[in-house]
Amino acid sequence: RGTVRLIHDGELQAEPVSGVPEVRARQLSGLMDIALHPQYSNNQLVYLTYNKPVGEDEQTIALARGRFDGNSFVEMQDIFVSTPNHSGGSRILFAPDGSLFMSVGGAYTVGRSAERAQDGSWHSGKLLRLLDDGSPFPGNPFMGRGGFHPEIYSMGHRNQQGLAFYPQTGELWAHEHAP
């Protein structure tokens, strides 16, 4: 639905947190993930991935950042917006080095969406690596290559529904959902 609600002392609060961007919520689309900045105690920065409406019937996946003041999100703004026409999952995870990984799903069917997972000019079916301001992480493997977005870290995925770092090695794992 595109709402965030707090749990305080084990109780779900009745009122949603204000300041969430407009979310296109239908079928598999909606508010995807929420993460706190690694320095949250100092900066109160919160990150959201969500399906952003684009026109009447189109959408895309966006990453928004804002501050949580204890009651609402303030200064919430998009810091990254994927290429249009995306629905599907998105997860976010901060790496130990402070970089931000963001999955962009939507390559879950045979045909055009599946082909986009292998096309560097689309964000569908990709894992992105960003700085905390939404810009590309320096040294990403496709940075500077023609026909590829510089934020792409890996490609050829379907619809990643989970991201985690393996504790013993620090290796990044992505869980994909295949409907």
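Two strands are taken as paired if DSSP finds at least two bridges between them. The model described here is predicted. By this criterion, four strands form an open sheet in the order S7-S8-S9-S10. Their pairing is antiparallel. Strand S7 (92–94) and strand S10 (152–155) are the edge strands, each pairing on one side only. On average, neighbouring strands of this sheet are turned by 20 degrees against each other, direction ignored. S7 is joined to strand S8 (residues 100–104) by three bridges, and the two run antiparallel. Within this pair, isoleucine 92 stands opposite methionine 102 in S8.

The protein as a whole contains two helices and 12 strands. From the N terminus on, the elements follow the order β-β-β-α-β-β-β-β-β-α-β-β-β-β. Of the 179 residues, 44% are buried. Among contacts with a separation of 6 or more, 51% involve residues 24 or more positions apart. The accessible surface comes to about 9,500 Å². Carbon and sulfur atoms account for 49% of that surface.

The largest nonpolar core has 16 residues. Tyr47, Leu63, Ile92, Leu100 and Met102 have the most contacts inside it. At least two residues of this core come from each of strand S4 (45–54), strand S5 (58–68), strand S6 (73–81), S7, S8 and strand S9 (126–130). S8 supplies the largest share, three residues. Isoleucine 92 illustrates the packing. Residues up to four places away in sequence are not counted here. Isoleucine 92 touches Asp33, Ile34 and Ala35, as well as Tyr47, Leu48 and Thr49.

A second, separate core has 12 residues, including Val20, Leu48, Tyr50 and Phe73. Two of these residues, Val20 and Phe73, are in contact with valine 4. Valine 4 is placed in the segment before strand S1 (7–8). Its relative accessibility is 13%, so valine 4 counts as buried. Leaving aside neighbours within four places in sequence, valine 4 also contacts Pro16, Val17, Leu31 and Ile34. Valine 4 and valine 20 are 16 residues apart in sequence. Their C-alpha atoms are 7.5 Å apart in space.

Three salt bridges are present in the structure. In one of them, the side chains of aspartate 78 and lysine 52 meet at 2.7 Å, N to O. Aspartate 78 lies in strand S6 and lysine 52 in strand S4, so this pair ties together parts that are 26 residues apart in sequence. Both partners are partly exposed: aspartate 78 has a relative accessibility of 27%, and lysine 52 has one of 25%.

Glutamate 75 forms a salt bridge with arginine 67. The closest N and O atoms of this pair are 3.3 Å apart. Glutamate 75 is exposed because its relative accessible area is 60%, whereas arginine 67 is partly exposed at 33%.

Aspartate 97 and arginine 129 also meet in a salt bridge, at 2.5 Å, N to O. This pair links distant parts of the chain, 32 residues apart. Aspartate 97 lies in the loop between S7 and S8, and arginine 129 in strand S9. At 47% relative accessibility, aspartate 97 is partly exposed. Arginine 129 has a relative accessible area of 15% and is therefore buried.

Conventions
Residues are numbered from 1 along each chain as its sequence is written. This is a predicted model: local features need pLDDT of at least 70, side-chain atom pairs count only at pLDDT 80 or more; totals for chains, interfaces and linings use all residues. Side-chain values use heavy atoms; hydrogens and water are left out. Axes are lines fitted to C-alpha atoms, for helices over the stretch in contact, and angles run from 0 to 180 degrees between N-to-C directions. A nonpolar core is a set of buried Ala, Val, Leu, Ile, Met, Phe, Trp, Tyr and Cys residues joined through side-chain atoms within 4.5 Å. Buried means under 20% relative accessible area, exposed over 50%, partly exposed in between (1.4 Å probe, protein chains only). Contact means heavy atoms within 4.5 Å. Accessible areas come from the Shrake-Rupley method with a 1.4 Å probe; for residues, only the protein chains shown count as cover. A salt bridge is a side-chain nitrogen of Lys or Arg within 4 Å of a carboxyl oxygen of Asp or Glu.
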